[in-house]
Amino acid sequence: MSDTRGAGRGSAPPLVVMEHVTKRFPGVVANDDVSLELRAGEVHALIGENGAGKSTLMRVLYGMYPAEEGRTLVRGEEVRISSPRVAIANGIGMVHQHFVLVDPFSVTENVILGDEGGEILDMDRAHEKVAELALAYGFQVRPSATVEELSVGEEQRVEILKALYRGVDILILDEPTAVLTPGEAQELFGNLRRLRDDGKSIVFISHKLDEVLQIADRITVLRRGKAVGETTPAETSKAKLAEMMVGRPVLFRLDKPSVEIGEPILRVEELLGQGKLNGVSLEVRAGEILGVAGVEGNGQRELAEALIGLRPPASGRILLEGNDVVGLPVAEIRNRGVAYVPEDRHEQGLVLDMTLWENAVLGRHDDAPFLSRLGFLVIQKIKELAGRLVKQFDVRARSINVPASTLSGGNQQKLILARELDADPKLLIASQPTRGLDVGAIEFVWRQILEQKEEGRAVLLISAELDEIYALSDRIVTLYEGRITGEYPPDARPEDIGVGMLGGNEAREAS
Amino acid sequence: MAADAAAIRAPRERSAWLETAVGQGLALVAAFVIALLAGSVIILLYGESPLAVYGAMLSFAFRDPTSFGTVLAIATPLIFAALAVSVCFKGGLFNIGVEGQFLVGMVTASWAALTLDFLPGLLHLTAVLLFACIGGMVYAAVPGVLKVKTGAHEVVTTIMMNSIAISIVAYALNGPLKFTEAPPGQNVDLRTDIFEKSALMPDLGHFFGVEKSAHLSWLFPMALVAAVLVWVLIRRMRLGYEARAVGSSAGSARAGGIAIGSVQVKLFLISGALAGLVGMQQVLAERGALVQNYEALLGFTGIAVAFLGQNNPIGIVFAAILWAILTRGETALQIETDVPREFVIILQGILIFCVVVVYQVARRRLARRQLQRAGAEVGLRDTAVTDEQPQEA
């Protein structure tokens, strides 16, 4: 199947050819007879769901994993890439999802780290060289800045510079936009285009289809460890790509159930706090999904944490069914019917070292029937709960007895949703609920949120993804610098909402 | 519903659990062997045969019931101390203050032994033990509350409080608890009066042919019971669950409605109560009084033992016994070899060192392998099952 793909298209000889690569882990085949060609001057997107084998394939190319079968040719010659060092010597560089930078070091010091060129450092020359590189490819980053001063987007540029400094022609980027704001992502794409035009070959690992269609020259889709197809943005569409990835059609617009909007469940009045909230007021009613749109860092996290009681506001009122809950402990606010899907599921959602069943009961572990009068956990009941949740929410795990850390991101999020929704809340606070999830999982999470509306619950959806806001919300507000800067109907034009996201629209337009 | 839970249990799971247990066990054995080998080099430098020296140490621990009884008696306070350390550790707290808490426990227990002597029989002993726990708890409550209310780091406060505790013992022996009848002869060491018999811990060893000189008392089975109770607390009770959640992810625990401060204070109290019992072996089973030249540093040894037992209550029992065998080996060295007794301290140090290195290396490799496998497996199963799912429009 993979042999006939793409051959003949493009005249330049490929920079890298991976042929029939098979990589097994004990009990699984992560890459199954995958072949791939990378050409000079192209952005090659490698897409697939979590666990499809994208990162594994690239780690094989970068020398981090040995492949059991298959071979790699670089510039027409077969090479055995046994370590990242060999990969770099062959002009292959990789930027991982999690950066490996020394915070107190300057950009230049980080870039030359491991390639200092002798015992005595010529920092002036190194500075110059790094500055030249940055200028050549349009990287906005000051060589003398220390890494701790940099934003995430800038740190990523330093990582790319590190690879370029070592003279790589083939640059692998593992989910580079996962950590970026939309603006930063666009800037990255600008950098990548320059690199491509300079003849570099770029592998762009992603599962964000819009981005892939925007930046890629060619697209290879992996599913279950196999290459299931190769295409170009011109030949394909988002829906087609999603179908190739998931193996079935995926809906990007779900039908919103029509539910009668009821009484206000949550009223927030003039919430002030910690410099990030500057007088937020909003209202969510039963059966309503209120979408809070905005660029990240404008108080989203602080708002969510204030509502669940993690971060008491300096002033203002939070009325839950008419009763002020400001100052109450988290447990009490939860008891009053608030569920919380945090933006960071590792920091605030799951205890990764604990098992699925232990996580499934977190927050309800002190309620009957999960706790006996004497303070013992009723493990039988908890395991029944966990078994039921795992089944209902389709959490794929080997067992409820494995640590939560062994689940994929999508399954971790399903577990959190399952736990939070099973408590039958009146209000769901969902903060960036699909961050880092792949298409299939996003659809699942969206369905669950819409189902809450159908059940007559109130939902406060905080998201940086405008797609998500549109797909789910009955009403949209924009959050900018800790204030609500606009209110919009669900069919408002994106341009209008964009104005609010940038703070322009102070006078609220009622729908 | 239970059937559902069972249905998703894959057959591999048990083997993974076993792999972890066996892997960790092997790592500990390997660490021990490496430590013995390293110790052999030192023995050879003294011109002795490692086999003979280790043989002497071993036979000294096992050659008759009294020998082994002595080992268990030495292990007894170490078990309490290590349990005290581990309880806090589960909640992400590093209680360096077990030493101070145990000293204060000895003082309060001695006060109870001397003052509450009107209590009949077992009630007197119970009260003494209770006061030992209370002393440790009160002393542990201070760093606990300081931590929660002011954020003062428990390592700093407990270290400081250890020094204060030494002075508290000295004050008690010079003042309120000082003997009323001077000891006979030339002995001018300070101590309390000898306790009434009803305050002492009865001997257990003679049931098993262990001589009384071994001081194997009922405290040893109490330490075993304490280990089981700690296990139950950590694995089966609300507080233990909350402690583990706080210890491994404070943010998620807080978002789940767990009151972190309250959990941490409770852990300090339980830890202090266990620490209070550390001194009872010497006070109630060996000396029958609180003496000036009491055996100190047991709290610190408890940190090493807790570490050796990987903070697992059952592991701690075995680690304490192993530690005691080595400690008793000191006497063997003095009697039967030319190797100085300090060799044991060096060996214990090397052992901890080896456990740090070998155990961590092994655990990391094991974890990486399991995580990799689990991740890859679940990832693939994800898509595999998705394919078969019936789709609604």
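Visitor: Is His215(B) buried or exposed?

Guide: We count neighbours: a residue is buried if 20 or more other C-beta atoms (placed from the backbone) lie within 10 Å of its own, exposed if 12 or fewer, and partly exposed in between. His215(B) has 25 other C-beta atoms within 10 Å, so it is buried. Keep in mind that this is a predicted model, where local features need pLDDT of at least 70, side-chain atom pairs count only at pLDDT 80 or more, and totals for chains, interfaces and linings use all residues. Residues are numbered from 1 along each chain as its sequence is written, and chains are lettered from A and ligands numbered from 1 in the order in which they are written.

Visitor: Where does His215(B) lie, and what is its phi?

Guide: Look in the loop between α7 (154-174) and α8 (219-236) of chain B. Helices (H or I, at least four residues) and strands (E, at least two) are DSSP runs, numbered from the N terminus. The phi of His215(B) is positive, about 60°, although this residue is not a glycine.

Visitor: And what about His20(A)?

Guide: His20(A) is not a glycine either, and has a positive phi of about 50°. You'll find His20(A) in strand β1 (residues 16-25) of chain A. It counts as partly exposed because it has 15 C-beta neighbours inside 10 Å.

Visitor: Which residues does the cis peptide bond join?

Guide: Ala368(A) and Pro369(A), with omega at about 0°. Pro369(A) sits in the loop between α12 (356-360) and α13 (379-392) of chain A.

Visitor: How is chain A divided into domains?

Guide: The bounds come from an automatic or database domain assignment. Here they give domain 1 (16-246) and domain 2 (264-501). The C-alpha centres of these two domains of chain A are 34 Å apart.

Visitor: What is the mean pLDDT of chain B?

Guide: pLDDT is the predictor's confidence in each residue, from 0 to 100. For chain B the mean is 87, and 88% of its residues reach 70 or more. Residues 1-13 of chain B stay under 50, though. Over residues 375-393 of chain B, the pLDDT is below 50 as well. Where pLDDT is low, the predicted coordinates should not be read in detail.

Visitor: What scores does the complex get?

Guide: The predictor gives an ipTM of 0.82 and a pTM of 0.78.

Note on methods. Two residues are in contact if their C-beta atoms, placed from the backbone, lie within 7 Å.
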